[in-house]
Amino acid sequence: METDDVVVMASLLCKSYQMGDVKVEALKDVDFDVEKGKFVAISGASGSGKTTLLNIISGIDKPTSGAIFVYGEDLGAKDENFLASFRCNKIGFVFQSYNLVSTLTLAENVAFPMEWLRRPTEDTEKRVGYLLETVGLKHRAEHFPFQLSGGEQQRVAFARALANDPPLLLADEPTGNLDAKTSLKIIEILQKLKNDGKTVIVATHDDRILKVADQKLYLADGKLVSLDE
Amino acid sequence: MSETFFPINDLLRRKLQTGLVIFALALCVASTLFLLLLGDKIGFGILSMAQNRLTASFVSVFSNFIIFVGFLVFLVGVVIVSFMVFVMMAQRVRDIGLMKAAGCPNDLVFGYFMNELVIVSVVGCAFGVVLGIGADYASTSLLSIIGFHAAQEPINFWVALIVFVSFLVLSLIVGAKPVLDTTQIEPTKAISPSYYYGLTKESDFKGSAKAGISFKIAMRSLFRRRSATLRIIFCLTAVFILVTVAIAGGLIADETTRSWIEKGVGRNMIMIAHRDISNQYRLLLEKFYEARDTPSLNYTDEKYQITNAILERLSLIQDVKFEARLVLEAQVEEIEGWKIDPATASTIPVGDSRRGRSLIVGVEPEKTLSEWLLDGEFLNSSQGFEAVIGDSLARGMFSEPLNQSVKVFGADFDIVGACLDPINNGRVTYVPLEDLQNVTGISACNIVLAKVEASANRENLVSQIATSVGAVDSKFEVLELNEILDNQVSFLGYIWSAIMFLPLFSLSAAALCLIGYVILSINEQRQEFGVLRAVGAQPRTVVKIVATQSLLVLASSYGAGISLGIIATLLILMPEPLVTVYSILEIAGWLLIALAVTFIFSLYPAVRFARKPILEVLSQT
């Protein structure tokens with residue numbers, strides 16, 4: 001199932017977890033489409049299912065029922081090897097807690113997704129330099145993550161997410177742990193990505209991000225309560 | 001939460017890790033106990049040599065070997081127990097920090113985790129005792145099945161108790177320190193991933209810019225966990241020394257000792273003698289592998305003498321070499337000798353006047369068909385009144401045999417050599433036949449040894465010899481010595497196999513240690529692996545990183561362990577080792593198998609981990 005302009009198509013998505021004797025329903029019959037080049041903000045209270053939805057869109061998690069199509073691929077039906085390759089090629093993911101690899105330098109953190117696609121070393125080095133320059137951290141390429149502030153780590157996380165130039169970028173609360181000034185820099189990066197024609201889906205509480213979004217999805221207790229375009 | 005239920009629940013929560021620690025501990029206890037019980041059972045206690053079987057030189061070689069292997073088994077046990085307890089407690093640092101941060105007093109935290117340690121130690125040691133006794137029972141049964149008389153004696157429970165208590169105390173001592181250290185850490189540090197995972201330090205390993213990301217992650221993580229990495233390398237090095245000593249030493253010693261026996265008894269030899277002498281000779285040879293008494297026999301009885309008629313008939317048979325011997329039994333006496341003191345250049349007396357029973361064998365030195373392993377030289381008939389004594393006699397009754405003489409039938413014989421001969425457990429004295437006949441007044445011989453030329457038809461010739469001898473006197477018969485020689489060699493082979501079996505326990509425990517280390521390693525890199533996979537790494541990338549780490553640890557330990565093990569084997573354990581190309585290939589093969597098996601086992605946690613859903617991995621960081 002694919003139409004050229006629809007990047008993400010969610011159909012009656014449900015996700016539930018068994019926590020001891022209690023069944024927790026993280027997503028209930030979520031239905032929406034995301035078109036190519038759109039900036040989508042997913043909003044909602046803590047525990048409303050934003051992160052779960054991003055995880056399902058990225059193929060990190062699978063729905064309990066319903067279907068999720070990303071670039072025409074039914075991710076719920078794919079195996080782990082396909083999903084890994086799919087994420088590497090098509091999706092950039094920015095985690096709320098940065099999740100940089102602590103044993104690698106910033107340059108290596110940005111480079112490793114490219115290594116899996118076996119890009120020529122020269123191309124990789126050029127691209128790493130370009131991305132670190134874009135996020136303003138080229139001068140710290142050989143530093144390790146623990147030597148950076150939270151905002152700087154988040155910017156590296158963006159650079160890593162863009163390493164393979166994926167058409168779809170997912171960001172989970174990218175400004176959630178940052179101060180106001182650093183958050184603005186992150187928002188600038190998001191806007192630049194949108195202007196570059198990338199499809200961007202962001203889970204956020206941040207009003208400033210919501211303001212620049214083309215499409216807003218509001219989740220409450222796992223249900224999509226509003227589609228605001 | 002009581003001090004009883006918390007530890008039990010916590011141990012059950014970490015089933016795999018708890019199982020590993022208990023099993024590793026059990027294997028260490030079992031290997032030590034099995035070693036002690038086996039040493040006791042095959043008749044040469046580690047500390048007290050029993051003289052019922054083998055010969056003194058063999059007992060000495062086995063004892064040295066077992067003592068060395070035993071020392072290594074115990075050392076490896078200590079190192080493994082220490083490592084496993086360290087790993088067990090290292091994974092509880094975060095929990096301890098959380099408990100302290102929540103207000104749990106230090107002594108209560110210490111109590112909880114010490115109780116865990118006690119439970120694991122008691123269960124592991126008890127299981128080890130059962131396993132060790134089971135291995136001993138199985139090995140004794142195997143010994144009986146393959147034809148050696150080894151009775152299932154009652155278990156020496158004192159030995160079991162001592163091993164149990166030793167390892168219990170040991171594990172509690174080595175385990176208490178990390179528990180105490182961990183409980184002393186400030187809660188903020190204990191719960192901080194930066195401290196817990198060591199993220200605040202730059203890794204010492206930079207690596208080539210061209211090295212792959214997986215390799216860099218693998219190497220830097222190894223360097224970051226330096227303490228645990230060094231411990232596991234030390235632990236595996238000790239294990240590989242043990243494995244090398246047991247396998248290389250065992251195989252080399254097996255071949256060497258086999259060659260000693262084959263030289264002494266002679267391959268493809270037959271003996272012609274009166275039925276009674278023949279039976280007696282068989283028993284004297286069989287004493288090497290079965291503790292038994294030989295009945296008294298009057299060797300000088302005329303009916304046992306080989307008649308000229310028999311000798312004449314034998315001399316007509318072509319392609320066979322014959323050697324006549326006179327075998328007697330008598331009391332021999334040590335005669336004091338002397339040597340020059342290098343410091344004062346004066347002569348000093350050597351030895352005493354000890355007495356003992358010995359088999360006395362008169363041989364024609366120029367014609368002898370045997371080729372013993374000798375300390376000194378063999379008889380020379382022109383020198384007159386010389387003797388070569390068996391190794392048990394040399395070690396048991398003489399101080400410096402080559403500087404002494406032995407009194408046989410009232411005559412003094414200068415000892416010119418000590419030989420390794422399995423007959424009568426090495427309590428034998430060889431003298432020139434002519435001299436023996438002169439001092440005893442017996443002019444005949446009572447056995448003839450024969451060796452068929454390799455190119456001849458052995459079966460036909462043996463049959464021809466039997467017919468010729470039987471035609472003169474039906475009470476004389478032909479005894480094939482190959483069968484007895486094979487039994488002697490098999491017995492040696494069995495003992496060496498049993499000794500080589502010992503490191504199997506330690507190797508298994510080492511594999512568990514490595515698995516424990518890999519679990520610790522994965523636990524510490526969990527967040528990184530989760531991120532790698534979330535960003536697009538295939539599950540096999542995680543296995544590749546862990547495999548690289550495991551291989552590096554194994555290769556370092558393997559190189560160090562095998563080098564030290566070979567040095568120990570050649571320098572300490574075996575004088576004049578017989579090393580053949582075949583034995584080198586066999587040793588290399590076994591050691592590579594040990595490496596490969598350990599490596600494959602170590603990958604199990606990585607493969608298991610790689611199958612976990614990414615969210616589960618990330619949620620546990």
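1. Let's start with B:Cys513. In this predicted model, and setting aside neighbours within four places in sequence, B:Cys513 is in contact with B:Ala24, B:Ile80, B:Phe83, B:Met84, B:Ile232 and B:Cys235. The residue belongs to helix 16 of chain B. Is B:Cys513 buried or exposed? B:Cys513 counts as buried because it has 29 C-beta neighbours inside 10 Å, where 20 or more are enough for that label. One further pair may be handy for your distance checks: B:Cys513 and B:Ile233 are 280 residues apart along the chain, and their C-alpha atoms are separated by 10 Å.

2. B:Cys513 also leads us to the core. The largest nonpolar core has 251 residues. Those with the most contacts inside this core are B:Ala24, B:Leu25, B:Ile80, B:Met84, B:Leu242 and B:Cys513. Which helix gives the most to this core? That is helix 16 of chain B, with 30 residues. As for B:Leu242, its contacts, not counting residues up to four places away in sequence, are B:Val69, B:Leu72, B:Val73, B:Val76, B:Pro503 and B:Ser506.

3. Here is chain B as a whole. Its secondary structure comes to 20 helices and twelve strands. Of the 621 residues in chain B, 47% are buried. If you take the contacts in chain B between residues at least 6 apart in sequence, 85% of them join residues at least 24 apart.

4. A helix pair in chain B deserves a look on your screen. Helix 10 (residues 226-265) and helix 18 (residues 581-602) of chain B have axes that come within 10 Å and cross at roughly 155°. That angle makes helix 10 of chain B roughly antiparallel to helix 18 of chain B, because angles over 145 degrees count that way. The crossing of helix 10 of chain B with helix 18 of chain B is right-handed. On the helix 10 side of chain B, the residues that meet helix 18 are B:Val243, B:Thr244, B:Ile247, B:Ala248, B:Leu251, B:Ile252 and B:Glu255. Their partners in helix 18 of chain B are B:Ser583, B:Glu586, B:Ile587, B:Trp590, B:Leu591 and B:Ala594. Sorted by class, this contact between helix 10 and helix 18 of chain B has nine nonpolar, two polar and two charged residues.

5. The axes of helix 3 and helix 4 (residues 121-134) of chain A come within 9 Å and cross at roughly 130°. Helix 3 of chain A and helix 4 of chain A are therefore oblique to each other. Helix 3 of chain A passes helix 4 of chain A in a right-handed crossing. From helix 3 of chain A, the contact takes in A:Leu106, A:Ala107, A:Val110, A:Ala111, A:Met114 and A:Glu115. Helix 4 of chain A brings A:Thr124, A:Arg127, A:Val128, A:Leu131 and A:Leu132. By class, the contact of helix 3 with helix 4 of chain A has eight nonpolar, one polar and two charged residues.

6. How much of helix 3 (residues 106-116) of chain A is covered? Mostly covered is the answer, as ten of its eleven residues are buried. Among these buried residues are A:Glu108, A:Asn109, A:Phe112, A:Pro113 and A:Trp116. Just after helix 3 of chain A, A:Arg118 takes a positive phi of about 55°.

7. Most residues other than glycine have a negative phi. Yet phi of B:Asn424 is positive, near 50°, and phi of B:Asn425 is positive as well, near 55°. B:Asn424 sits in the loop between strand 9 (411-420) and strand 10 (428-432) of chain B, and B:Asn425 lies in the loop between strand 9 and strand 10 of chain B. B:Asn424 is buried, with 24 other C-beta atoms within 10 Å. B:Asn425 counts as buried with 26 C-beta neighbours inside 10 Å.

8. Now for a glycine. B:Gly103 is in the loop between helix 4 (93-101) and helix 5 (106-145) of chain B. B:Gly103 is exposed, with 7 other C-beta atoms within 10 Å. From C-alpha to C-alpha, B:Gly103 and B:Val130 are 42 Å apart in space and 27 residues apart in sequence.

9. Finally, the interface. How many residues of chain B are in contact with chain A? There are 24, and they meet 24 residues of chain A. Helix 9 (213-224), helix 16 (482-535) and helix 20 (614-619) of chain B are the elements that give two or more residues to the side of chain B that touches chain A. The residues on that side of chain B divide into eleven nonpolar, seven polar and six charged.

Note on methods: Residues are numbered from 1 along each chain as its sequence is written. Chains are lettered from A and ligands numbered from 1 in the order in which they are written. This is a predicted model: local features need pLDDT of at least 70, side-chain atom pairs count only at pLDDT 80 or more; totals for chains, interfaces and linings use all residues. Two residues are in contact if their C-beta atoms, placed from the backbone, lie within 7 Å. Helices (H or I, at least four residues) and strands (E, at least two) are DSSP runs, numbered from the N terminus. Ala, Val, Leu, Ile, Met, Phe, Trp, Tyr, Cys and Pro count as nonpolar, Asp, Glu, Lys and Arg as charged, and the others, Gly among them, as polar. Axes are lines fitted to C-alpha atoms, for helices over the stretch in contact, and angles run from 0 to 180 degrees between N-to-C directions. Angles under 35 degrees count as roughly parallel, over 145 as roughly antiparallel, 65 to 115 as roughly perpendicular and the rest as oblique. A crossing is left-handed if the near helix is turned anticlockwise from the far one by less than a right angle, and right-handed if clockwise. A residue is buried if 20 or more other C-beta atoms lie within 10 Å of its own, exposed if 12 or fewer, and partly exposed in between; C-beta atoms are placed from the backbone. A nonpolar core is a set of buried Ala, Val, Leu, Ile, Met, Phe, Trp, Tyr and Cys residues joined through C-beta atoms within 7 Å.
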